Amino acid sequence: MPDTDADAADAIDLRSDTVTRPSDAMRDAAHEAAVGDDVYREDPTVDKLEARAADVLGFEAALYVPTGTMGNQIAARTHTGRGQEALVERESHVYKWELAGLAQHAGLQVRTVDGGERGVVTPEQVHAGYVEQDGHRPGTGLLCLENTHNSKGGTAIAPERIDAAAAAAHEHDVPVHLDGARLFNAAAALDVPAARIAREVDSVMCCLSKGLGAPVGSVLAGDEAFIEAARRVRKLFGGGMRQAGIIAAPGLRALENRDRLADDHRNAGRLAAGLDDLDGLDAHDPETNIVLVDTDRPAEAFLADCESAGVLGVPFADRQVRFCTHLDVERAGVERAVERVAEVA
Ligand SMILES: *Cc1c(COP(=O)(O)O)cnc(C)c1O
């Protein structure tokens, strides 16, 4: 790993699984990648990544995109027409953390449903939230689901629940997009292939740059016609990249890191148990690699103390913080993080 300043190298960084650095194997893969101009469809490494991603996710085709946010926004724009409604979970990333992109990029009005403690959207909620287009009403153009659900603490939603919500939307001819930024975490936690979870949806986005460890990039999968249309929208959004094989090659490596996500989940369990034992902390039982911890004092103050002890997390609510396990923190690092937080808790 390249040198950083001593403090940063020493801190145990549990802010997010996005902080993972590319491995030597990924750097070698970038170095050796065959490349061409991908806007001309001449980059063999991007082609390989898209084919592999489509295969792993169980779709006809896939599109390499710079970020998960862009993947979600491209999907929304591709599935819908201006002035329609998107039905989304109230705490979903696409609604909460993407700068009102659904409004800005796709001209959509958002209708939210409350997915409760685990962020699960039910078929009843889909039927109730559906708006039929008429002389006054915009019509529902998209249902967006999320798995794992980030804001609910990385909940892994069973394929049957995704199927049921998707079937309800399809009864109204409404397409379904799955924000699967951490879909492979859900797959590992539920011990099912990612393709099974995404079987009934029309498109899915997965991040390569989170727990899988790629330096950049996400993939959007769907049928051939959808991906062809999405490719045009990617260009419109400024996401048409040239010799992108340089970053797609590490992405291909990252796709093969799926099985090790279970290690992160075990580490999250250990972290939660260790923190929960400390005074003033109440850790939620993690389903995947995200650990939410309720604090008896303001989250910012608690995190400042953690940082001085060499552990980094992020605030999630006034008195709640999030820690995220990932491939750059081994079991020993997790144990050390618990010891360090114990000094300041
Ligand atoms: C991280 C994340 C995204 C966005 O991915 P970026 O690559 O950071 O743009 C989208 N959805 C969910 C659920 C996420 O956790």
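Visitor: Hi! What covers the buried residues of H14?
Guide: The cover includes strands S9 (281-283), S10 (290-295), S11 (311-312), S12 (314-317) and S13 (320-324), together with helix H15 (331-344). Contact here means heavy atoms within 4.5 Å. Helices (H or I, at least four residues) and strands (E, at least two) are DSSP runs, numbered from the N terminus.

Visitor: Before we go on, what kind of model is this?
Guide: This is a predicted model, where local features need pLDDT of at least 70, side-chain atom pairs count only at pLDDT 80 or more, and totals for chains, interfaces and linings use all residues. Residues are numbered from 1 along each chain as its sequence is written, and side-chain values use heavy atoms, with hydrogens and water left out.

Visitor: Thanks. Which residues of H14 are buried?
Guide: In helix H14 (residues 299-309), they are Ala 299, Phe 302, Leu 303, Cys 306 and Ala 309. Buried means under 20% relative accessible area, exposed over 50%, and partly exposed in between (1.4 Å probe, protein chains only).

Visitor: Why do they line one face of the helix?
Guide: Looking down the axis of H14, its buried residues fall within an arc of 115°, so they line one face. That arc is taken from the directions from the helix axis to the C-beta atoms.

Visitor: And which exposed residues are on the face turned away?
Guide: Glu 300, Glu 307 and Ser 308 sit there. Just after H14 comes Gly 310, with a positive phi of about 95°.

Visitor: How do H14 and H15 cross?
Guide: Their axes come within 9 Å and cross at roughly 120°. Axes are lines fitted to C-alpha atoms, for helices over the stretch in contact, and angles run from 0 to 180 degrees between N-to-C directions. H14 and H15 are therefore oblique to each other. For the cut-offs, under 35 degrees counts as roughly parallel, over 145 as roughly antiparallel, 65 to 115 as roughly perpendicular and the rest as oblique.

Visitor: Which residues make that contact?
Guide: From H14 there are Phe 302, Asp 305, Cys 306 and Ala 309, and from H15 there are Arg 340, Val 341 and Val 344. They divide into 5 nonpolar, no polar and 2 charged. Ala, Val, Leu, Ile, Met, Phe, Trp, Tyr, Cys and Pro count as nonpolar, Asp, Glu, Lys and Arg as charged, and the others, Gly among them, as polar.

Visitor: Switching topic: at what angle do H2 and H12 pack?
Guide: Helix H2 (residues 24-32) and helix H12 (residues 245-255) pack at about 140°, with axes 7 Å apart. H2 and H12 are therefore oblique to each other. On the H2 side, Ala 25, Met 26, Ala 29 and Ala 30 make the contact, and on the H12 side Ile 246, Ala 249, Pro 250, Arg 253 and Ala 254 do.

Visitor: Now the loops. Where does Asp 38 lie?
Guide: Asp 38 is in the loop between H2 and helix H3 (44-57). Asp 38 is buried, at a relative accessible area of 2%. Not counting residues up to four places away in sequence, Asp 38 touches Asp 43, Val 46, Asp 47, Arg 234, Met 241 and Arg 242.

Visitor: What about the phi of Arg 41?
Guide: Phi is positive, about 65°, although Arg 41 is not a glycine. Arg 41 is also in the loop between H2 and H3, and is partly exposed at 46% relative accessible area.

Visitor: Last one: which peptide bond is cis?
Guide: The bond from Asn 147 to Thr 148 is cis, with omega near -5°. Thr 148 is in the loop between strand S5 (140-146) and helix H8 (159-171).
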